Amino acid sequence: VVYPEDEGDTFEIRHHMLEILPTFHGLAHDDPNMHVTEFLMGCKNILVREFSAESIKLRLFPYTLKDKAKTWLFTLPSGSITSWAQLSEKFLSKFYPASKTLDIRTKILSFVQKPNEEFHEAWERFSDLFRKCPHADINGDTRMQIFYRGLNPTTKSYVNASSGGSFSDKNAQQAFQLFEKMAI
């Protein structure tokens, strides 16, 4: 990692900074998108005079990596990372490979409400797939149609009744609001 040159000479990492940052081990069940989100949230609470937000992220991110993830960082060519965008892109490429994206995208596209699964449980499970893979590249209208199509006939009737007649009259934003309201 190459740090910006036009900033202060001493960057002191204090214990309290590391306490508010998440850790990532690089295990199969670790969620790299959530790690980046939590890391950025933590960085918003860290200010160091004479250092930009970009520099703070570049300097602190390596301290959030443990085990397999830290080993990965050390194997990158020296000087190959010069921006937060590069670091986060390489990190997500490594720990959220295309095969994992394809797997979750397939789960989204083939979504079906499980037997005895309540509406709110189905909606939560469906929404969780998008939280795990925000880059699934499925627009809102398609997303809502996939969810509706995967519901059982009884639940579809419930959705239509709750929408005031026909779900098909709703746009993506209205459908999303309806589903959120029904899931409460």
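Leaving aside neighbours within four places in sequence, threonine 64 is in contact with Leu21, Pro22, Thr23, Phe24, His35 and Phe39. The model is predicted. Threonine 64 sits in helix H3. Its relative accessible area is 1%, so threonine 64 is buried, because buried means under 20%.

Two of those contacts, His35 and Phe39, are also among the buried residues of H2. What covers them? Helix H3 (53-64), helix H5 (84-95), helix H6 (98-109) and helix H7 (119-132) are included in the cover.

Helix H2 covers residues 32-43, which makes 12 residues. At 1.5 Å a residue, H2 should span 16 Å. The end C-alpha atoms of H2 are 16 Å apart, so the two values agree. Aspartate 31 caps the N-terminal end of H2. There, a side-chain oxygen of aspartate 31 lies 3.0 Å from the backbone nitrogen of asparagine 33.

Now the cysteines. Cysteine 43 is buried, and so is cysteine 133. How many disulfides does the structure hold? It holds 0. A disulfide is a covalent bond between the sulfur atoms of two cysteines.

The table sets out relative accessible areas.

| Residue | Relative accessible area | State |
|---|---|---|
| Cysteine 43 | 10% | buried |
| Threonine 64 | 1% | buried |
| Cysteine 133 | 0% | buried |

Technical notes
Residues numbered from 1 in each chain as written. Predicted model: local features only at pLDDT ≥ 70, side-chain atom pairs only at ≥ 80, totals over all residues. Heavy atoms only, no water. Disulfide = S-S within 2.5 Å. Buried < 20%, exposed > 50% of the residue type's maximum accessible area, 1.4 Å probe, protein only. Helix = DSSP H or I, 4+ residues; strand = E, 2+ residues; numbered from the N terminus. Expected span 1.5 Å × (residues − 1). Contact = heavy atoms within 4.5 Å. Polar contact = N/O pair within 3.5 Å; in protein donor to acceptor, adjacent residues only side chain to side chain.
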